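Biologist: Could you walk me through this one? I would like to start with how the strands pair and then look at the helices.

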Amino acid sequence: MLDFAAIDFETANQYRSSVCSVGIVIYRDGKECDSFYSLIRPAPNFYTRFTTAIHGLTRKDTDRAPDFPEVWYAAQPHIGSLPLIAHNRVFDENCLKAVFEHYSLPYPEYRFYCTLTESRRNFELANYKLDTVAAYLGYRAFDHHNALADARACAYIAARLWPDT
């Protein structure tokens, strides 16, 4: 796939609508050409110790951040009609649907693809976590669980899984 938008969300708590950051990396003609990152005030607005331990974000980081509709209004022009790719599509697509529902926004029918599923089909690895698959393909040093860094790693994987489709 030569043109796509890799996307990654981090959440504040167990609710999928609690997105607290988003990273988007745009590929055109098989190369990165654009990116977008934003913190988001989560809904509901609380953090668990578990999620903070994963990504390091706290309520202090996002209390002054914009709500999701404002962030998505800024992100949408970057995405346009591109297909979305995520590493664990189920999680990121469910986050997107949940936050659209929370704000009573009409959900666009995005085409979603999954690098996790495709990695399981194509590689024999001990596990298929984002950092494991990225390292296997030669992408080693990145700030795992930062939404933009994860989106960039996902895009790198996608460009190798679908090099010319």
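Biologist: In which sense do β1 and β4 pair, and over how many bridges?
Modeller: In this predicted model, strand β1 pairs with strand β4, residues 84-86, in the parallel sense, and the pairing runs over two bridges. Within β4, Leu84 is the bridge partner of Ala5.

Biologist: And what about β1 and β2, parallel or antiparallel?
Modeller: Those two are antiparallel, with eight bridges between β1 and strand β2, which covers residues 19-28. As an example from that pairing, Asp8 has Gly23 in β2 as its bridge partner.

Biologist: How many of the residues in β1 are buried?
Modeller: Strand β1 spans residues 4-11, and eight of its eight residues are buried.

Biologist: Which residues sit on which side, then?
Modeller: In a regular strand, side chains alternate between the two faces of the sheet. For β1, one side holds Phe4, Ala6, Asp8 and Glu10, while the other holds Ala5, Ile7, Phe9 and Thr11, and both faces are covered.

Biologist: Switching to helices, at what angle do α5 and α7 cross?
Modeller: The axes of α5, residues 115-122, and α7, residues 147-161, cross at roughly 45° and come within 10 Å. That angle is why α5 is described as oblique to α7, and the crossing is left-handed.

Biologist: Which residues meet there?
Modeller: From α5 there are Thr115, Glu118, Ser119 and Asn122, and they meet Cys154, Ile157, Ala158 and Leu161 of α7. Sorted by class, this contact has four nonpolar, three polar and one charged residues.

Methods:
Residues are numbered from 1 along each chain as its sequence is written. This is a predicted model: local features need pLDDT of at least 70, side-chain atom pairs count only at pLDDT 80 or more; totals for chains, interfaces and linings use all residues. Side-chain values use heavy atoms; hydrogens and water are left out. Axes are lines fitted to C-alpha atoms, for helices over the stretch in contact, and angles run from 0 to 180 degrees between N-to-C directions. Helices (H or I, at least four residues) and strands (E, at least two) are DSSP runs, numbered from the N terminus. Angles under 35 degrees count as roughly parallel, over 145 as roughly antiparallel, 65 to 115 as roughly perpendicular and the rest as oblique. A crossing is left-handed if the near helix is turned anticlockwise from the far one by less than a right angle, and right-handed if clockwise. Contact means heavy atoms within 4.5 Å. Ala, Val, Leu, Ile, Met, Phe, Trp, Tyr, Cys and Pro count as nonpolar, Asp, Glu, Lys and Arg as charged, and the others, Gly among them, as polar. Buried means under 20% relative accessible area, exposed over 50%, partly exposed in between (1.4 Å probe, protein chains only). Two strands pair if DSSP finds at least two bridges between them.
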